[in-house]
Amino acid sequence: MASAQVAPAQANLLKINWGVPTADYYALYVAKDHGLFKEVGLEPNFFFFPSGAPLLAGLKSESLDVITTGMATVFALGQNIPLKVIYWSLDHSAAEGLIVDPKSGIKSFKDIAKAKAIAAPSGTCAQVSMVLMAQKLGMKYSDLNVVNIAPPLYNNAFKSGSVQAGIAWSPYSSVLQAAGYPIVNWAADYSPDGGVCPGLTSVRANFLTQHPDVGLKLVQVHAKAMDMIAKNPELAIDALVKYLSVTRDVAKHVVDQELSRIPTLEQQADPKSPYSLSAKGDAGLAHKLLVVSQALASVGTIPAPLSAKVLAESIDPTPIQRYMKGEGK
């Protein structure tokens with residue numbers, strides 16, 4: 001349906017305040033730099049944050065309309081902030097791994113008890129992974145000395161001997177590997193369903209109600225950016241070098257590791273897919289977010305796991321379903 005698409009020549013662009021942590025969201029960067037939002041009648045104003053946590057204040061005050069982030073989605077839903085998850089931007093699990101000091105004697109996550117200290121910041125995919133790793137090994141999370149430091153500080157912590165292992169996501173996993181600290185396991189080795197660290201784009205529920213076509217338009221932009229990147233991966237590499245100030249080798253490693261693991265729109269629309277937005281309860285995205293919230297609640301990072309009702313109300317498959325039916329193409 002052409003009605004969902006706005007011609008570039010139209011002056012009345014819908015302004016959007018969009019919050020994003022500084023991370024490897026290269027499809028978003030490509031869309032921003034190549035004018036894809038204007039093509040569907042949107043004018044986003046991007047606010048970049050050092051992590052996902054500061055997004056919550058913007059959502060509570062309704063000064064942000066759209067967010068792209070990881071674990072902050074779970075915290076927002078846990079604080080009863082009405083959100084609608086629209087699509088996967090990344091699967092952060094694809095490039096998340098267990099990094100070790102080569103002198104530590106740790107050859108895999110099964111040796112994690114050898115570490116005197118393990119770096120994993122609280123309230124992140126890294127902490128979730130440590131909880132799941134301990135469960136997989138039949139250990140208590142409290143038996144491990146998990147240190148709450150951010151991945152940009154891992155290199156110095158390894159050099160000083162303060163930590164012997166750490167969980168890092170992209171681009172830090174690639175940066176650390178390039179610095180001589182091997183990745184001995186990827187997230188799929190120690191967490192269920194190939195990993196439970198979704199990077200999601202969500203819209204404030206009220207904003208979506210006021211602008212019902214926004215979800216479809218965001219999906220359109222993401223689809224076009226991903227198509228451009230599939231045809232020319234150098235676009236994604238250039239974007240990471242520009243926005244994250246990493247070396248080209250690191251950027252290439254990130255894209256090589258992640259690109260094939262970003263859930264397709266077809267996978268997100270398929271109720272039988274592990275990435276499905278339409279699957280309920282014990283399947284798809286809802287299940288991954290439930291596992292995450294259970295892990296965080298088990299160590300007191302959040303007061304309680306997300307309920308099935310909250311998850312059902314917060315994941316909106318209709319923009320992707322509309323796109324898959326041909327609207328806006």
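**Exercise 1.** How many bridges join E3 to strand E10 (residues 198-204), and do they run parallel or antiparallel?

*Solution.* A word on the ground rules: this is a predicted model, where local features need pLDDT of at least 70, side-chain atom pairs count only at pLDDT 80 or more, and totals for chains, interfaces and linings use all residues. Residues are numbered from 1 along each chain as its sequence is written, and side-chain values use heavy atoms, with hydrogens and water left out.

Step 1: strands are DSSP runs of E, at least two residues, and helices are runs of H or I, at least four, numbered from the N terminus. Two strands pair if DSSP finds at least two bridges between them.

Step 2: four bridges join E3 to E10, and the strands run antiparallel. Here Val-66 stands opposite Val-203.

Step 3: turn to strand E1 (residues 14-21), which runs parallel to E3 and is joined to E3 by two bridges. Trp-18 has Val-66 as its bridge partner in E3.

**Exercise 2.** Work out whether the length of helix H5 (residues 125-136) fits its residue count.

*Solution.* Step 1: the expected span is 1.5 Å times one less than the number of residues.

Step 2: for the 12 residues of H5 this gives 16 Å, and the end C-alpha atoms are 16 Å apart, so the two agree.

Step 3: now check its cover. Buried means under 20% relative accessible area, exposed over 50%, and partly exposed in between (1.4 Å probe, protein chains only). In H5, 10 of the 12 residues are buried, among them Met-130.

Step 4: just after H5, Gly-138 takes a positive phi of about 70°.
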